[in-house]
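The following report looks at how side chains are packed and paired in one protein chain. It takes up aromatic rings, the nonpolar core, charged pairs and selected helices in turn.

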Amino acid sequence: MSRYEGYAKVIAISFMYNKNDGMQILMNQAKGDPKTFISGPHATWVVNLGREKKSFLKHYKRNPIRARRVYECKVDSRRSGLIKLRSVIDRVFNNDEVKNPVIGGSTVVGYYPEISINPLTLKDIQFHEWFKPDGKCYAVHVDLAKGKSKGDSIGFAMAHPEKMKGYADKELRKLWVEMGMVPPDEDEIAKGVVFDLLLAIRGSDPTQEARMSDVRQLIYTLKFKMGFNIIKVTMDGYQSAEAIQELNLRGIDTELLSVDRTPDPYETLVDLSYQGLAKAYPHVVASRELDEVDNDDKTGKIDHPKISLVRMTTEG
């Protein structure tokens, strides 16, 4: 309020969630008014003289794009998606350290005509002799998605934590320099994640459903027959109640984890990817999923686009 009629001050204290959030809209509206004086947006250390940019180094190291958005009110618009650098995604799925354990190299099961002309079923899958547990602890996540013309699909991932050296490619180092930061030390050891098995699963043709009973059997095979110490299984909410109950009855700790309700799983994977601490073998579906996942400006949730040209052309 102001003692001068027709004048007032508006102070917005927040950080930008995306380029269309409330504070950004307020700033853009003010820019069009010649009678309005605008100051800002300002970085945290500009308005809080008790903090310096280097105070937030660990946040920039974990995710430089998000740190700049939160602490400097700058939204990166170079490309859509949670991960703004395609090179970061390429690094996750293209390394010499993780190999596809499926004999024949298939990454999909069922009807994916653009990827495989001879669709496998989960019962057909065989693993290489070297695919063994090696004393590690493993977690599994199963994500069920309602399909239309191609039928329902299931995403399956088994992974384990592992200490490793981080990695920052040329594009990421360039971004750090743009931000006035020192590129991270690649010799530092930190805990990351290795994806041992990634599968995209559909029915054998568009008229057939992807069967959760077959997915449960795969988990039983991995744990009880092959000896993988699977200590946790999580499942998305869609039609997973029966499967969660059955797995728990078999002594496998299983619970609901809906990525529609919490952003933590996505944000954790994004952070690890930026730090070079996430490793998987080449997988066309998984890399496309990670590339396209983004903040939905309308719902505020993290999700994939309902219509994807890449998905249509590469996966059918």
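A residue is called buried here when its relative accessible area is under 20%, exposed when that area is over 50%, and partly exposed in between. The structure is a predicted model.

**Aromatic rings**

The rings of phenylalanine 131 and phenylalanine 228 have centres 4.8 Å apart and planes at 40°, so this pair is tilted. It links distant parts of the chain, since phenylalanine 131 belongs to the loop between strand E1 (108-109) and strand E2 (137-145), while phenylalanine 228 belongs to the loop between helix H7 (212-225) and strand E5 (229-235), 97 residues apart. Both phenylalanine 131 and phenylalanine 228 are buried. A search of the whole structure finds seven aromatic pairs. One of them is formed by phenylalanine 127 and phenylalanine 131, with ring centres 5.0 Å apart and planes at 40°, so that pair is tilted. Phe127, Trp130, Phe131, Tyr138 and Phe228 together form one aromatic cluster.

Rings also take part in contacts with charged groups. The charged end of arginine 91 sits over the ring of tyrosine 167, at 4.1 Å from its centre, and arginine 250 lies over the face of tyrosine 220, 4.2 Å from the ring centre.

In soluble globular proteins, nonpolar side chains tend to be buried together. In this model the largest nonpolar core has 72 residues, and those with the most contacts inside it are Val142, Phe156, Met158, Leu197, Leu199, Ile219 and Leu222. Strand E4 (residues 189-202) gives the most to this core, contributing seven residues. Which residues does valine 142 contact, leaving aside its neighbours within four places in sequence? Its partners are Ile154, Gly155, Phe156, Met212, Val215, Ile219, Thr234, Met235 and Asp236.

**Salt bridges**

The structure holds 14 salt bridges, and three of them are set out below with the distance between nitrogen and oxygen.

| arginine 86 | aspartate 90 | 2.9 Å |

An α-helix has 3.6 residues a turn, so residues three or four places apart point the same way. Arginine 86, at 33% relative accessibility, counts as partly exposed, and aspartate 90, at 30% relative accessibility, likewise counts as partly exposed.

Aspartate 291 counts as buried, at 17% relative accessibility.

Lysine 232, at 23% relative accessibility, counts as partly exposed, as does aspartate 253, at 39% relative accessibility. Elsewhere, salt bridges that share partners join Arg66, Glu267 and Asp271 into one network.

Valine 88 has its place in helix H5 and, at 3% relative accessibility, counts as buried. Leaving aside neighbours within four places in sequence, valine 88 is in contact with Ile83, Asp169, Ser273 and Tyr274. The C-alpha atoms of valine 88 and valine 270 are separated by 9.4 Å, although these residues are 182 residues apart along the chain.

In helix H9 (residues 264-274), the buried residues are Tyr266, Val270, Asp271, Leu272, Ser273 and Tyr274. Just after H9, glycine 276 takes a positive phi of about 70°.

Why is helix H10 (residues 284-292) described as largely enclosed by the rest of the structure? Seven of its nine residues are buried, so the helix is largely enclosed. The buried residues of H10 are Val285, Ala286, Ser287, Arg288, Leu290, Asp291 and Glu292.

Technical notes:
Residues numbered from 1 in each chain as written. Predicted model: local features only at pLDDT ≥ 70, side-chain atom pairs only at ≥ 80, totals over all residues. Heavy atoms only, no water. Buried < 20%, exposed > 50% of the residue type's maximum accessible area, 1.4 Å probe, protein only. Helix = DSSP H or I, 4+ residues; strand = E, 2+ residues; numbered from the N terminus. Core = buried A, V, L, I, M, F, W, Y, C linked by side-chain atoms within 4.5 Å. Contact = heavy atoms within 4.5 Å. Phe/Tyr/Trp six-rings, centres within 6.5 Å; stacked < 30°, edge-to-face > 60°. Lys NZ or Arg CZ within 6 Å of the ring centre and 35° of its normal. Salt bridge = Lys/Arg side-chain N within 4 Å of Asp/Glu carboxyl O.
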